[in-house]
Amino acid sequence: MSEAVDLTPPDDEGPDALALSALLSSRVCHDLINPVGALSSGLEVLDDPSMEETMHDAAMDLIRAGAKKAIALLSYARLAYGAAGGFGAQISLEDARSALEGLFDITKADLEWGIGSGLAAKENVKVLLVLAYAAADCVPRGGLVSISGDIESFTIVATGKKLLLNDDLVKALNGDASELAPKNTPALIASQLVSSVGGVVKVTKTEEAVTFKAAFNAES
């Protein structure tokens with residue numbers, strides 16, 4: 001049995017730009033607090049001359065892991081949420097793939113990229129990045145996130161031992177900003193980007209997979 005939702009944003013205006021900016025900033029800070037905290041904790045250990053050598057080695061491992069995670073999250077956020085990384089109104093798909101590979105390297109999901117290369121519209125790439133990250137969250141115990149199609153009409157499929165599809169995520173993708181949490185703000189923005197060009201997003205959950213589809217031309 002499957003659950004399919006045609007995600008068409010409602011007519012209400014939702015939060016203004018300032019509110020969205022604050023919510024998105026909170027999302028980024030939430031993502032970074034853990035790895036930055038790990039860096040801080042590791043440096044505190046290294047600064048303590050009384051610590052044993054084994055503790056220093058553990059601190060270095062903590063610093064390396066924290067730095068890797070922070071860099072991956074920042075590289076992703078730069079393209080998915082920020083204004084950097086594009087040439088005019090376009091973003092390199094190679095850069096997008098690299099950012100996702102770094103991100104998935106710190107998640108329990110594996111990435112299978114099937115989109116191609118070249119430059120693409122910023123709006124399309126940002127939606128792709130947001131939905132791919134959301135798909136990784138759908139397989140919390142590990143699995144595969146497969147991206148196929150082209151940048152004008154693509155499909156992202158998440159498969160794994162345990163599948164989750166958060167109702168609040170679906171609401172945000174549906175353009176519903178009521179009780180919007182920072183975690184789901186990127187999904188709301190993605191829905192607005194797709195609808196601004198007359199496109200659609202669909203999400204389907206079955207026992208085998210969670211599937212996101214985005215078409216920037218409603219006829220696609």
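Visitor: Is Cys-29 buried or exposed?

Guide: This is a predicted model, and in such a model a residue is called exposed when its relative accessible area is over 50% and buried when that area is under 20%. Cys-29 has a relative accessible area of 53%, so Cys-29 is exposed.

Visitor: Which residues is Cys-138 in contact with, leaving aside its neighbours within four places in sequence?

Guide: Cys-138 is in contact with Ala-158, Lys-162, Leu-163, Leu-164, Leu-165, Val-210 and Phe-212, once those neighbours are set aside.

Visitor: How many disulfides does the count come to?

Guide: A disulfide is counted when two cysteine sulfur atoms lie within 2.5 Å, and by this rule the count here is 0.

Visitor: At what angle do helix 2 and helix 4 pack?

Guide: The angle is taken between the N-to-C directions of the two helices. Helix 2 (residues 53-80) and helix 4 (residues 122-137) pack at about 140 degrees, and their axes are 9 Å apart. Angles over 145 degrees would count as roughly antiparallel, whereas helix 2 and helix 4 are oblique to each other.

Visitor: Which residues meet where helix 2 and helix 4 pack?

Guide: From helix 2 come Leu-73, Tyr-76, Leu-79 and Ala-80, and these meet Lys-126, Leu-129, Val-130 and Tyr-133 of helix 4. Sorted by class, this contact has 7 nonpolar residues, 1 charged residue and no polar ones.

Visitor: Turning to the strands, how do strand 8 and strand 9 run?

Guide: Strand 8 (residues 200-205) and strand 9 run antiparallel and are joined by 6 bridges. The two strands form a hairpin, with 4 residues between them.

Visitor: Where is Thr-211 placed, and what is the bridge partner of Thr-204 in strand 9?

Guide: Thr-211 belongs to strand 9 (residues 210-215), and Thr-211 is the bridge partner of Thr-204. Thr-211 has a relative accessible area of 16%, so Thr-211 is buried. Not counting residues up to four places away in sequence, Thr-211 touches Thr-155, Ile-156, Val-157, Lys-202, Val-203 and Thr-204.

Terms used: Residues numbered from 1 in each chain as written. Predicted model: local features only at pLDDT ≥ 70, side-chain atom pairs only at ≥ 80, totals over all residues. Heavy atoms only, no water. Axes fitted to C-alpha atoms, helices over the stretch in contact; angles between N-to-C directions. Parallel < 35°, antiparallel > 145°, perpendicular 65-115°, else oblique. Contact = heavy atoms within 4.5 Å. Nonpolar A, V, L, I, M, F, W, Y, C, P; charged D, E, K, R; others polar. Buried < 20%, exposed > 50% of the residue type's maximum accessible area, 1.4 Å probe, protein only. Pairing = 2+ DSSP bridges.
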